[in-house]
Amino acid sequence: MSILKSRLKIIDGYIIGKYLGTFIYTLSIFVIIIIIFDLSEKLDDFLGNNLSFWQVITLYYAGSIPFYVNMLSPLINFIAVIFFTAKMADQTEIVPILSGGVSFNRFLLPYFVSAFIIFTANLGANLYILPFTNQLKNSFENTYIKKNDSPSKTNIHMKLDENTYIYIDDFNNKTKSGYRFSLDNFNGDVMTKKLVADQIKWDSLKRSWKLTNYSIRYVKGLKETMVTSMAKEKDTVLDMRPDDFSAYENVYENLSNQELSDKIRKEKIRGSGIWNDLLFEQYKRWFQPLSAFVLTLIGVALSSRKVRGGVGLPLGIGIVLSFLYIVLNQFAKMFSLKGGIPPLLAVLIPTLFFGLLGLYLLKKAPK
């Protein structure tokens with residue numbers, strides 16, 4: 001019995017080493033290839049903005065490489081499992097293990113230990129690393145790559161709380177200033193105050209808004225009172241930030257978990273159309289790393305049988321299924337944001353679908 005346990009530890013170490021080694025090696029190769037293509041595509045932008053090599057590395061690739069690693073992780077995880085497991089099957093390494101009294105479920109243990117390591121790394125990156133690195137990447141892209149895109153957002157209507165509504169005709173994200181601003185306070189259905197200003201500008205030091213050329217109209221029944229200040233400027237604290245009016249779609253990726261939760265709470269009150277986007281981003285951070293377990297199960301079940309032609313057939317099927325997984329993720333996101341599917345369900349659909357496929361393939365796998 002002790003000899004069997006000792007052999008199992010050796011087998012476990014061998015499989016874990018093969019799994020993680022193949023995963024890291026393959027992921028590194030894919031990331032290098034993507035960086036080469038990305039560099040060739042953006043080289044003109046780098047040179048046109050007179051950016052140094054150090055600026056490109058620290059301001060852009062320090063943020064984009066973690067993004068690429070996170071994006072490719074499920075695909076590479078799947079391919080790595082299929083590649084080295086099919087190679088083990090082709091070299092008749094799996095049959096002796098199962099013939100020696102090891103159950104197929106026990107054979108899966110080192111795979112799931114490795115998948116747990118990848119899951120933990122992905123989850124930690126999603127929650128604590130990627131919000132910071134995405135901020136680097138997106139800030140760089142918005143400044144240098146998408147500099148010709150309009151930084152302005154127009155016709156903004158927003159509900160700040162149960163009684164307060166604001167309107168901004170035009171807000172510029174670069175200058176952090178808006179034009180033709182109005183704020184309405186209500187008591188039930190009755191307006192009690194209306195503030196109008198020619199300009200509203202964010203003061204990052206005071207963390208407040210500065211109003212220029214403003215006037216306030218107070219309404220009390222049939223009586224109205226107009227107040228116009230001679231100072232022409234007024235500092236005021238409002239429950240909104242410049243990011244609330246961002247014209248860039250990637251701003252949600254930059255938010256930390258606490259910032260994301262706070263924004264979800266605010267947007268639920270405001271009733272804006274970006275609430276689903278924020279919920280999808282939050283659920284994606286927590287649940288997409290589960291793909292490590294699901295794709296590992298499918299990969300082992302698919303490639304543990306020795307087939308004629310070596311690793312080519314399982315690897316080809318694995319690549320097709322990998323891209324199917326990516327496509328299903330994109331469709332789920334689209335239907336969540338545009339089609340009304342609850343964000344949590346949309347995030348879980350690919351994992352649930354491939355999980356059921358993995359259980360089916362597990363039943364068909366050689367025991």
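Me: How many helices and strands does the protein chain have, and what is its radius of gyration?

Reply: The protein chain of this predicted model has nine helices and seven strands, and its C-alpha trace spans about 90 × 50 × 35 Å along the principal axes. For 367 residues the globule rule gives 21 Å, and the chain lies well over that, so it is more spread out than a compact globule, with a radius of gyration of 27 Å.

Me: Are helix 2 and helix 4 roughly parallel or roughly antiparallel?

Reply: Helix 2, which covers residues 53-90, and helix 4, which covers residues 104-145, have axes that come within 7 Å and cross at roughly 155°. Angles over 145 degrees count as roughly antiparallel, and therefore the relation of helix 2 to helix 4 is roughly antiparallel.

Me: How do the residues in the contact of helix 2 with helix 4 divide by class?

Reply: The crossing of helix 2 and helix 4 is left-handed. Sorted by class, the residues of the contact between helix 2 and helix 4 are 13 nonpolar, twelve polar and two charged.

Me: Is helix 7 roughly parallel or roughly antiparallel to helix 9?

Reply: Helix 7 (residues 291-303) and helix 9 (residues 343-364) pack with their axes 8 Å apart, at an angle of about 30°. Since angles under 35 degrees count as roughly parallel, helix 7 is therefore described, relative to helix 9, as roughly parallel. The handedness with which helix 7 passes helix 9 is given separately, and that crossing is left-handed.

Me: Which element gives the largest share of the lining of the second largest pocket?

Reply: The second largest pocket holds about 740 Å³ of space, and among the 25 residues that line the pocket, those closest to its centre are Lys-176, Pro-242, Asp-243, Val-251 and Leu-255. By class the lining of the second largest pocket has five nonpolar, ten polar and ten charged residues. The largest share, five residues, comes from helix 4.

Me: Which elements give two or more residues to the lining of the largest cavity?

Reply: A search of the whole structure finds one cavity of 30 Å³ or more, and the volume of the largest cavity is about 30 Å³. Its lining consists of Leu-8, Ile-11, Asp-12, Ile-97, Val-102, Arg-106, Phe-107 and Pro-110, which divide into six nonpolar, no polar and two charged residues. The elements that give two or more residues to the lining of this cavity are helix 1 (2-48) and helix 4.

Terms used:
Residues numbered from 1 in each chain as written. Predicted model: local features only at pLDDT ≥ 70, side-chain atom pairs only at ≥ 80, totals over all residues. Heavy atoms only, no water. Axes fitted to C-alpha atoms, helices over the stretch in contact; angles between N-to-C directions. Helix = DSSP H or I, 4+ residues; strand = E, 2+ residues; numbered from the N terminus. Parallel < 35°, antiparallel > 145°, perpendicular 65-115°, else oblique. Left-handed = near helix turned anticlockwise from the far one by under 90°. Nonpolar A, V, L, I, M, F, W, Y, C, P; charged D, E, K, R; others polar. 1 Å grid on protein atoms, 1.4 Å probe; cavity = no way out; pocket = protein on both sides within 12 Å on 5 of 7 lines; lining within 4 Å. Points joined across faces, edges and corners; volume = space filled by probe spheres on them. Rg over C-alpha atoms; globule rule 2.2 N^0.38 Å.
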